[in-house]
Amino acid sequence: MIRNQLLVCAGGACITSGEKSVKDVLVDELKKNGIEDEVQVIETGCMGACDLGPIVVVYPEGTFYQKVTVKNAGLIVNEHLVKGRTVGELLYTEPASEKRARTSGDIPFYTRQVKRVLRNCGAIDPLSIEEYIARDGYFALGKALEMAPDEIIRILLDSGLRGRGGAGFPTGLKWKAAREAAGSPKYVVCNGDEGDPGAFMDRSVLEGDPHSIIEAMAIAGYAIGAEKGYVYVRAEYPLAIERFEYAIGKAREYGFLGRSILGTGFNFDIEIRIGAGAFVCGEETALLRSIEGKRGTPSVKPPFPAQSGLWNKPTLINNVETYANIPQIITNGAEWFRSVGSTKSPGTKVFALAGNVQNTGLVEVPMGTTLRELVFEIGGGIPGGKKFKAAQTGGPSGGVITAEYLDMPIDFDTVKEIGTIMGSGGLIVLDEDSCMVDVAKFYLGFTVDESCGKCTPCREGTRQMYHMMERICDGNGRDGDIERLSKLADVIKDTSLCGLGQSAPNPVLSTIRFYEDEYRAHIYEKKCPSHVCKHLLTYSITPDKCVGCTACARQCPVHAITGEVKKIHVIDQSKCTKCGSCYESCRFGAIRKE
Amino acid sequence: MELDNVTRPADQPQPLSDEDRCFLRELVETNRVDHHGRLSYMDIMFDLEHHYGNSLPGPVLGEVARLAETSPAQLNGFVTFYTMLSTTPRGKHVIRVCTSGPCHVSGSPAILSSLRRLLGVDIGETTPDGEFTLEGSSCLGICGVSPVLMIDDDAYGNLTADDLPRILDAKRSGGAQ
């Protein structure tokens, strides 16, 4: 008889924080107390609050233990399970109120979330198909197989689901086009090439709830008339590949994949194909070439994959988060799906909170949630009492949302209006210390590296833009650079072959739009207002604060600081490499950075 | 599929032995069957890297192209497109330091410079003892514990420069975490 369950988060982040050894301690302690038959230890997918890992949740109470280590994991068994006493030191303490939270329901990070895509992540053992079935898994597949394919597509159209990969194209229309396309065989593809730096929702779903993707792809196969599916996963995600592979095997064993699924005569099977470090393969046509065993370069659309995709056959391609919505839409209906979110962008969106924000990790909220709720209520605000400056969305294809838009509901269309994109949901919070020119340069550098080289505007254009940005950050900006950047950006947007190039200038354009004054300061005053761009900084010593402790002189790698003990020190500007180690080492705040 | 790790002397591609040919034929045929006639080149490449010490020797690629009925140029084009594959010899373990945004902000440049110092090699280079190759990587998707790196298939997070010697030692002696 099982009286308690210990849910141990085995998401990628918690594993790196020592989840395996924590689990081993728990199992050992259970045995020592002779209660291993009464308490079940379950390794789940990602629970989302990655900075609190490793996380252990005790059920039925739902007690949420965070930052568990090998040293204190035993307390959960010996105190909580044996003596019935909650282990106070492992509970989460709310920084503002200093209150201890007992369950995840007491933690603001969780309470404001609406879990649909992530409903099973962190709640079930991803390796157990039985647990997935117990949460109504594969019910939607059974239901779908009793419906006419057109009826399924009708539900999707009614639901208003839009592709979660970035552009927000209506999913139902994609399915309809693939169904109506002439040609056979047809293919179903899942885009798991989550390359957007800082976005990891797809990884979490593949690792934490792989069966939801298998189920959705089987439904898609039935709806468009395909018997074969491919899941494209990046080799950077070995755990996702391993768990998904396992899940495919289980689904075959249970008859949810293979021949005549659920006795209906419908055949469908899935294969994994691996990507190997090419960002552009997240672009759908490039991804299809990569599956075919070619260089992952994009091709001109039209023809769209729905008409001519994998091996020139009609192909339906959606991303992981989009598929993860499908089974629940089929089970609960279009109306249910529309019950949260905004009119034009119904449903939820998963964001990966990162950067200068208190709580990082994955959060799922209704579309139309404001940035203020995301950053301040769920994210817990900016650490160190600093001011919010902007949030970067859409990674290298996106731009910034500034403080004046904190109360704007975020959905596909609103973010587009202010020059950024939703992207796959990466949301990097920037505080007042961030230099927007430097941020834009960083993202542009990424695109330069990842441009596949097929079309000239992207290959050469982004490189030229990057040179200009570099010049500006190095203090060699010239009059007219802003105009030149904007002009070149427009050409790249208009003439690039695929989405990568067409969106590559966005980080620059968006930051010019909102922070032109910072660009001007770099170019005309040779100053970086946020003190980030190294070449525009000068370090000097404030004489009244210097006590002559010699700490800075000892740290300086180029011996640019001179001065005797207990006498005021001086920095030789001609030698200074602006590494900042004097600034870090001074305990008296005597080093001035400007 | 687990294959024995056969380390080759670096630099010079050796002519293929009968054993190699036999191994390659079987690898390609198994892959063809496993993937219902549509070869998965990426799986083949990863199996080859596993077998030939983390890199893809030219003669091996030539033989695979022949077996797969494609041209060596086509296959070479494929291999050189993907940053995780390598035609130059690499060490026993490949260290991939995440260099993307969130890790950059939380300290990956410092991790990289510590590794450069500890290993005495730069990005893209292999230590003289053939143990480690240092590489940069795109986002590893565990940004919640940034900065992160991955050695072979094991990820390490919340890194500080002090953690690195211990991690490297564990890898040298064959352990994981």
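Mentor: Residues are numbered from 1 along each chain as its sequence is written, and chains are lettered from A and ligands numbered from 1 in the order in which they are written. Because the model is predicted, local features need pLDDT of at least 70 and side-chain atom pairs count only at pLDDT 80 or more, while totals for chains, interfaces and linings use all residues.

Trainee: What ipTM does the predictor give the complex, and what is the mean pLDDT of chain B?

Mentor: The predictor gives the complex a pTM of 0.92 and an ipTM of 0.88. The pLDDT is the predictor's confidence in each residue, from 0 to 100. In chain B, 90% of residues reach 70 or more, and the mean is 88.

Trainee: How many helices and strands does chain B have, and in what order do the elements run?

Mentor: Helices (H or I, at least four residues) and strands (E, at least two) are DSSP runs, numbered from the N terminus. Chain B has seven helices and four strands. From the N terminus on, the order is α-α-α-α-β-α-α-β-β-β-α.

Trainee: What radius of gyration does chain B have?

Mentor: The C-alpha atoms of chain B fill a box of roughly 50 × 30 × 25 Å along the principal axes. The radius of gyration is taken over C-alpha atoms, and the globule rule is 2.2 Å times the number of residues to the power 0.38. For 177 residues, a compact globule would have a value near 16 Å; chain B agrees with this, at 18 Å.

Trainee: What share of the residues in chain B is buried?

Mentor: A residue is buried if 20 or more other C-beta atoms lie within 10 Å of its own, exposed if 12 or fewer, and partly exposed in between, with C-beta atoms placed from the backbone. Of the 177 residues in chain B, the buried share is 41%.

Trainee: How far apart do the C-alpha centres of domain 1 and domain 2 of chain B lie?

Mentor: Domain bounds come from an automatic or database domain assignment. Chain B is divided into domain 1 (18–81) and domain 2 (93–172). Their C-alpha centres lie apart by 29 Å.

Trainee: How many residues does each chain give to the contact, and which classes make up the side of chain B?

Mentor: The contact takes 35 residues from chain B and 36 residues from chain A. The elements of chain B that give two or more residues to its side are α2 (41–51), α4 (72–81), α5 (101–105) and β4 (154–156). Ala, Val, Leu, Ile, Met, Phe, Trp, Tyr, Cys and Pro count as nonpolar, Asp, Glu, Lys and Arg as charged, and the others, Gly among them, as polar. The side of chain B that touches chain A has 19 nonpolar, 14 polar and two charged residues.

Trainee: Which residues have the most contacts inside the largest nonpolar core?

Mentor: A nonpolar core is a set of buried Ala, Val, Leu, Ile, Met, Phe, Trp, Tyr and Cys residues joined through C-beta atoms within 7 Å. The largest has 216 residues, and its largest share, 10 residues, comes from helix α10 (residues 210–224) of chain A. The residues with the most contacts inside this core are I213(A) and I219(A).

Trainee: Where is P54(A) found, and what is omega at the cis peptide bond between S184(A) and P185(A)?

Mentor: A cis peptide bond joins G53(A) and P54(A), with omega about -10 degrees, and P54(A) is in the loop between β2 (39–44) and β3 (56–59) of chain A. P185(A) lies in the loop between α8 (171–180) and β7 (187–192) of chain A. At the cis bond joining S184(A) and P185(A), omega is about -5 degrees.

Trainee: Is N312(A) buried or exposed?

Mentor: Phi of N312(A) is near 60 degrees, a positive value in a residue other than glycine. N312(A) is in the loop between α12 (284–291) and β10 (315–319) of chain A. Because 12 other C-beta atoms lie within 10 Å, N312(A) is exposed.

Methods:
Contact = placed C-beta atoms within 7 Å.
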